[in-house]
Amino acid sequence: MIVSRPAIILFGDSITQQGFSAAANSGWVGLLSNAYTRRADVLNRGYSGYNTRHAVNLLPTVFAKEMNPKNTLFVTVFFGANDASLPGEREHNQHVPIEEYEQNLRTIVTDIGHKLKETPIILITPPPLDEHAWDKYCREEFDDLSPRSNEQSKLYGERVKLVAKEMGCSLVDSFSLLGGNGDVSAYEKSLEDGLHLSAKGNQLLYDGLMDVIKRDLPELAPKVTEDDSTGIALDGALWKELC
């Protein structure tokens, strides 16, 4: 039996699922896993296409009652890109009304907090949306549309900020990190297809997440050098100490 290291649980939609990228420039989950090599096991619980309504139903599966809170460093919750799709009569509509979205986030945070006690929870806002690029991608790949807007993504992100503030969670504002408050020219290169992250977007998200960890949870950041006064050190002795 392999003795497990502390866990980092990443709960989200396709932007989390695709976070382990096989491309030359790794996704944000791959970058995080690399940073915590020999320190923690990064568990990717990303579900492509899921919204918070689906996520609430998944809670008993992803976060079991018998989980050990002492063995989890932190949890990220990254939903909203699908919830924020525009309402309308179409097949496979992922839209969730914004009031329900906010309540679903509260339910998710409450459930995780109940099962993992004092484990820190980091909420991540939906990223910006390049409407033209996303429509083009959907037409070419699916011969259909999944209508979304950058303004809608921003509005849903504001609810994430509200829940984070009221429930004592740390916050990564991916919308701002990727330049969503500016012109589309400011963030289009951070998106692969108008919605999912490019290599640049993944790097920006990873950097922003690490900044939040170092600021809010310094004791859970990777301890890189002996000069670091706090943080998660490498598991086991260095090889030079053994020879």
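The report below covers the basis of the model, the overall fold and the nonpolar cores.

## About the model

This is a predicted model, in which local features need pLDDT of at least 70 and side-chain atom pairs count only at pLDDT 80 or more, while totals for chains, interfaces and linings use all residues. Residues are numbered from 1 along each chain as its sequence is written, and side-chain values use heavy atoms, leaving out hydrogens and water.

## The overall fold

The chain has 9 helices and 5 strands, where helices (H or I, at least four residues) and strands (E, at least two) are DSSP runs numbered from the N terminus. Their order along the sequence is β-α-α-β-α-β-α-β-α-α-β-α-α-α.

The C-alpha trace spans about 65 × 35 × 35 Å along its principal axes. Of the 243 residues, 48% are buried, meaning under 20% relative accessible area with a 1.4 Å probe, protein chains only.

## The nonpolar cores

A nonpolar core is a set of buried Ala, Val, Leu, Ile, Met, Phe, Trp, Tyr and Cys residues joined through side-chain atoms within 4.5 Å. The largest one has 36 residues, and Ile-8, Trp-28 and Leu-32 are among those with the most contacts inside it. Elements giving two or more residues to this core include strand E1 (7-12), helix H2 (28-35) and helix H9 (199-216). H9 gives the most, with 6 residues.

Leu-32 touches Ile-8, Leu-10, Val-42, Tyr-206, Leu-209 and Met-210, leaving aside residues up to four places away in sequence; contact means heavy atoms within 4.5 Å. A second, separate core of 25 residues includes Val-75, Val-77, Leu-116 and Val-160.

Conventions. Buried < 20%, exposed > 50% of the residue type's maximum accessible area, 1.4 Å probe, protein only.
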